[in-house]
Amino acid sequence: MPYTNDDFAEYAAAAWPRLVRAAHLLTGDFHEAEDLVQTTLVKVCARWRRIPREEVEFYVRRALINNNLSRVRKRRVIHLLTPLMPERVHGRHAGHAEHIEERAALAQALAALSARQRAVVVLRYWEDLNEQEIAEVLNCSVGTVKTHARRALETLRAHPVIARRLPVSGAGAAPGTGAVPGTGAGTGTGARP
């Protein structure tokens, strides 16, 4: 049974927050993230009836990543990253200032990664995909995914903002355990923040 336009509208409404969150991590800018998701959903809508039901999530993730990579390649003007995550600025909770500072540090560190490395990190630690699924989304080998992940984590650990937040040897985690501040995850854990 083919999808209908009502099915697409329902899917888009339900997936919007998750897709914007992933796109925000990919782009580093909330407004660009919304534009990226909107562009992706427009393209998905045009092909909606031809996408097999069991492949919708895969298709949308791949479209989001490919549209972001195209955006990065075509970009002519350098955009400054927002130091704060807009959706969290107005929320108040215990440790609010520390939470905002940690999110800003993570956004700054992610900005130091290449588009492909950033895509691997976002798909692995925020979308909770395994290496095989990431390879399928990025249309590359598992080895390439592992290489991008390793280099991305090395870059993140070496980033001055993240390095200041890593525990000192013997005071918590051992060096090289792969813990990335702000993610609550270590290398290969698949845990989400």
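Begin the tour at the largest nonpolar core, which has 45 residues, with L64 and I65 making the most contacts inside it. A nonpolar core is a set of buried Ala, Val, Leu, Ile, Met, Phe, Trp, Tyr and Cys residues joined through side-chain atoms within 4.5 Å. Buried means under 20% relative accessible area, exposed means over 50%, and partly exposed lies in between (1.4 Å probe, protein chains only). In soluble globular proteins, nonpolar side chains tend to be buried together.

The structure is a predicted model, in which local features need pLDDT of at least 70 and side-chain atom pairs count only at pLDDT 80 or more, while totals for chains, interfaces and linings use all residues. Residues are numbered from 1 along each chain as its sequence is written, and side-chain values use heavy atoms, with hydrogens and water left out.

**The whole chain**

Display the protein chain as a cartoon: there are 8 helices and 0 strands. Helices (H or I, at least four residues) and strands (E, at least two) are DSSP runs, numbered from the N terminus. Of the 193 residues in the protein chain, 39% count as buried. Contact means heavy atoms within 4.5 Å. Among contacts in the protein chain with a separation of 6 or more, 62% are between residues 24 or more positions apart.

**The core and I65**

Now select the elements that give two or more residues to the largest nonpolar core: α1 (5–27), α2 (30–47), α3 (56–74), α4 (96–110), α5, α6 and α7. Which of them gives the most to this core? It is α1, with 10 residues.

Next, select I65. Leaving aside neighbours within four places in sequence, I65 is in contact with L26, A119, L123, V137 and L138.

**Helix α5**

Select residues 115–125, which form helix α5. This helix is mostly covered, since 9 of its 11 residues are buried. The buried residues are Q117, R118, A119, V120, V121, V122, L123, R124 and Y125.

Show its surroundings: not counting residues up to four places away in sequence, Q117 touches H148, R151, A152 and T155.

Move to A115, also placed in helix α5. A115 has 21% relative accessibility and therefore counts as partly exposed. Apart from residues up to four places away in sequence, A115 touches L69 and V72. Draw a distance from A115 to I65: their C-alpha atoms are separated by 9.2 Å, although the two residues are 50 residues apart along the chain.

Two packed helices are described by the angle between their axes and the distance between the axes. Axes are lines fitted to C-alpha atoms, for helices over the stretch in contact, and angles run from 0 to 180 degrees between N-to-C directions.

Select α1 and α5 together: their axes come within 9 Å and cross at roughly 150°. The contact is made by A22, H24, L25, L26 and T27 of α1 and R118, A119 and V122 of α5. By class, this contact of α1 with α5 has 5 nonpolar, 2 polar and 1 charged residues. Ala, Val, Leu, Ile, Met, Phe, Trp, Tyr, Cys and Pro count as nonpolar, Asp, Glu, Lys and Arg as charged, and the others, Gly among them, as polar.

**Where α5 meets α6**

Angles under 35 degrees count as roughly parallel, over 145 as roughly antiparallel, 65 to 115 as roughly perpendicular and the rest as oblique. On the α5 side, the contact is made by R116, A119, V120, L123 and R124, and on the α6 side by I134, V137 and L138. The contact of α5 with α6 has 6 nonpolar, no polar and 2 charged residues.

**Where α6 meets α7**

Finally, select helix α6 (residues 131–138) and helix α7 (residues 142–158), whose axes come within 8 Å and cross at roughly 100°. These two helices are therefore roughly perpendicular to each other. E131, Q132, I134 and A135 of α6 make the contact with V142, V145 and K146 of α7. The residues of this contact of α6 with α7 divide into 4 nonpolar, 1 polar and 2 charged.

End at S141, in the loop between α6 and α7. S141 is partly exposed, with a relative accessible area of 40%. The C-alpha atoms of S141 and E131 are separated by 9.1 Å, and the residues are 10 residues apart along the chain.
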